[in-house]
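Here are a few friendly notes to read alongside the model. Please keep it open and follow each point on screen.

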Amino acid sequence: MKFSAVIFDMDGLLIDSEPLWQQAGADMLQQFGATLTDEEYNLTTGLRTPEWVDYWFSHFTIDKQQAKEAAKRVEQSALDKIKQHGEAMPGVEYIMEFFKANNFLIGLASSSPMRLIEAVVEKLNIQPYLNAITSAEHLPYGKPHPQVFLNCAELLKVPPTSCICFEDSFNGMIAAKAARMKCVVIPAPHVHHEGRWDAADRKLSSLSQFNKVVLETL
């Protein structure tokens, strides 16, 4: 088989956390008198929180001296919301079992801080499936830079070209392709129709749609 490993993004792909991140970000911005539309929020999904805050502070001309503390508040709020309300996306257990049964190494590579990744892994009970976990939290660059995916492949001890990457965000898809991995993208329903996903190797509506036929045609 030409592939030996699979790497999953986390937020919006394995756990339905994007609405919770959006609410956490919206609550913070409202304290500065700023409001994001859904379309605006979609522009910056996949970014690390400090980069997300920096982007919108620039957009709304908010004093960046408060950006570091604002990013901490967003992350803590998102963590609290995910612990309380986060639910697995459809097909998580199926896809983990599928790749385990096919003898794939399984990695998780996220822009989120490691403490949040650990909370989600525990909540979804997927630790037994995972051979490597990487966070972009302390990297020089986050997605769309490929480093977090490259680091995960290195931990799995496989070349990037032998990896399949699952993503839900545009920035994540660009990062996966930059890492020279095959990318299966599962966009949120309200943006699923957009042409920008054509850069992916395959677009699906759910993790449950992935199967042997899709695998063999990548």
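Which residues does Leu 105 touch, not counting residues up to four places away in sequence?

1. Before the answer, a word on the source: this is a predicted model, in which local features need pLDDT of at least 70 and side-chain atom pairs count only at pLDDT 80 or more, while totals for chains, interfaces and linings use all residues. Residues are numbered from 1 along each chain as its sequence is written, and side-chain values use heavy atoms, with hydrogens and water left out.

2. Leu 105 touches Ser 4, Ala 5, Val 6, Asn 131, Leu 156 and Val 158 (contact means heavy atoms within 4.5 Å). Leu 105 belongs to strand E2, residues 105-110 (strands are DSSP runs of at least two E residues and helices of at least four H or I residues, numbered from the N terminus). Its relative accessible area is 29%, so Leu 105 is partly exposed (buried means under 20%, exposed over 50%, and partly exposed in between, with a 1.4 Å probe and protein chains only). Between the C-alpha atoms of Leu 105 and Ala 132, 27 residues apart along the chain, the separation is 8.5 Å.

3. Next, look at Ser 169, in the loop between strand E4 (163-167) and helix H8 (170-178). Ser 169 counts as buried because its relative accessibility is 4%. Its side chain reaches the backbone nitrogen of Gly 172 at 2.9 Å. Beyond its neighbours within four places in sequence, Ser 169 is in contact with Thr 45, Gly 46 and Trp 197.

4. Phe 166 deserves a click: leaving aside neighbours within four places in sequence, its contacts include Val 6, Ile 7, Phe 8, Leu 13, Phe 99 and Phe 210.

Technical notes
Polar contact = N/O pair within 3.5 Å; in protein donor to acceptor, adjacent residues only side chain to side chain.
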